[in-house]
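User: Got a model I want to go through with you. Can we start with how its pieces are labelled?
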Amino acid sequence: MALLPILCYPDPKLHKVAKPIAAVDARVQALVADMLLTMYEAKGIGLAATQVDVHERLIVIDISEERNEPLVLINPELTWKSEATHLNEEGCLSVPGIYDGVLRHDAVHVSALDDKGQRQRIEAEGLLAVCIQHEMDHLLGKVFVEYLSPLKRNRIKTKMQKLQREESR
Ligand code: K1U
Ligand code: ZN
């Protein structure tokens with residue numbers, strides 16, 4: 001297993017649209033293991049393949065306190081979303097240190113394959129629903145800061161670029 005580098009906003013590769021996975025094979029299972037390790041090490045509750053520069057429809061999530069309930073979503077599709085929405089505080093491993101409110105559906109239903117290639121249907125609400133919507137946006141090349149005002153987004157972009165310049169010195 002290997003820790004994978006996480007792309008940082010405003011890296012243009014974060015805006016690539018992920019392609020469906022044709023077969024859940026050993027290559028995909030190894031990628032799942034690496035992504036789970038990377039998510040746990042970064043103390044995140046989710047990670048999309050896009051964030052590790054793999055442009056395939058794969059998400060890992062674990063919202064449990066004990067960090068022992070991994071959820072693997074391969075080729076996830078939203079099958080239902082609630083009309084009700086809620087403003088939730090979000091963060092992103094690709095935008096470290098930035099938290100802001102994003103309007104999300106209160107509940108969603110998702111159909112996806114698991115890491116054995118079996119079809120699973122998930123009915124999510126609360127933090128899990130928020131996390132699924134956030135990660136599915138990543139697969140479409142969308143980062144949560146794109147929901148914020150242009151003024152906030154530009155400030156965040158400038159801050160991230162400054163941080164990255166300082167880190168590369
Ligand atoms: O996709 C990512 O970058 C992971 C992201 C998932 C996420 C967190 C919060 C709301 C929506 C999606 C994170 O894990 S950010 C770091 C984090 O652990 C966290 C931040 C806020 C609340 C709970 C956890
Ligand atoms: Zn994110």
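Analyst: Helices and strands here are DSSP runs, numbered from the N terminus; a strand needs at least two residues. Keep in mind that this is a predicted model.

User: Good. Where does Ile-122 sit, then?
Analyst: Ile-122 belongs to strand β7, which covers residues 119–125.

User: Is Ile-122 buried or exposed?
Analyst: Buried. Its relative accessible area is 11%, and the cut-off for buried is under 20%.

User: What does Ile-122 touch, skipping residues up to four places away in sequence?
Analyst: Leu-71, Leu-73, Val-108, His-109, Val-110, Leu-128 and Ile-132.

User: New topic. Which residues does the UniProt "binding site" annotation cover?
Analyst: Cys-92, His-134 and His-138, according to the UniProt record, which is an unreviewed entry. They are spread over 47 residues of sequence but cluster in space, with a largest C-alpha distance of 10.2 Å.

User: Which of them are in the lining of the largest pocket?
Analyst: Cys-92 and His-134 are part of that lining.

User: Take Cys-92. Where is it in the fold?
Analyst: Cys-92 is in the loop between β4 (85–90) and β5 (100–105).

User: Why does Cys-92 count as buried?
Analyst: Because its relative accessible area is 9%, and anything under 20% counts as buried.

User: What are the contacts of Cys-92, not counting residues up to four places away in sequence?
Analyst: Cys-92 touches both annotated histidines, His-134 and His-138. Gln-51, Ile-98 and Phe-144 are also on its contact list.

User: Now His-134. Which helix is it in?
Analyst: His-134 is in helix α2, residues 126–139. This histidine is buried too, at 8% relative accessible area.

User: And what does His-134 contact beyond its neighbours within four places in sequence?
Analyst: Glu-90, Gly-91, Cys-92, Arg-104 and Phe-144. Phe-144 is in contact with Cys-92 as well.

User: On to the ligand. Which residues come nearest to ligand 1?
Analyst: Lys-43, Ile-45, Gln-51, Leu-93 and Glu-135, out of 14 residues around ligand 1.

User: How much of ligand 1 does the protein bury?
Analyst: The protein buries 84% of the 500 Å² that ligand 1 exposes when taken alone.

User: Which peptide bond is cis?
Analyst: The bond joining Tyr-9 and Pro-10, with omega about 10 degrees. Pro-10 is in the segment before α1 (26–41).

User: And what is the phi of Asp-53?
Analyst: Positive, about 65 degrees, although Asp-53 is not a glycine. Asp-53 lies in the loop between β1 (46–48) and β2 (58–61). At 35% relative accessibility, Asp-53 is partly exposed.

User: What about Arg-67, phi and location?
Analyst: Phi of Arg-67 is positive, near 60 degrees. Arg-67 is in the loop between β2 and β3 (71–81). Arg-67 is partly exposed, with a relative accessible area of 26%.

Conventions: Residues are numbered from 1 along each chain as its sequence is written. Chains are lettered from A and ligands numbered from 1 in the order in which they are written. This is a predicted model: local features need pLDDT of at least 70, side-chain atom pairs count only at pLDDT 80 or more; totals for chains, interfaces and linings use all residues. Side-chain values use heavy atoms; hydrogens and water are left out. UniProt positions are given in the numbering used here, feature names are shortened, and annotations may be inferred rather than shown by experiment. On a 1 Å grid over the protein atoms alone, a cavity is a set of points where a 1.4 Å probe fits but cannot get out, and a pocket is an open set with protein on both sides within 12 Å along at least five of seven lines; lining residues have an atom within 4 Å of a point. Helices (H or I, at least four residues) and strands (E, at least two) are DSSP runs, numbered from the N terminus. Buried means under 20% relative accessible area, exposed over 50%, partly exposed in between (1.4 Å probe, protein chains only). Contact means heavy atoms within 4.5 Å. A residue is near a molecule or strand if one of its heavy atoms lies within 4 Å of it. Accessible areas come from the Shrake-Rupley method with a 1.4 Å probe; for residues, only the protein chains shown count as cover.
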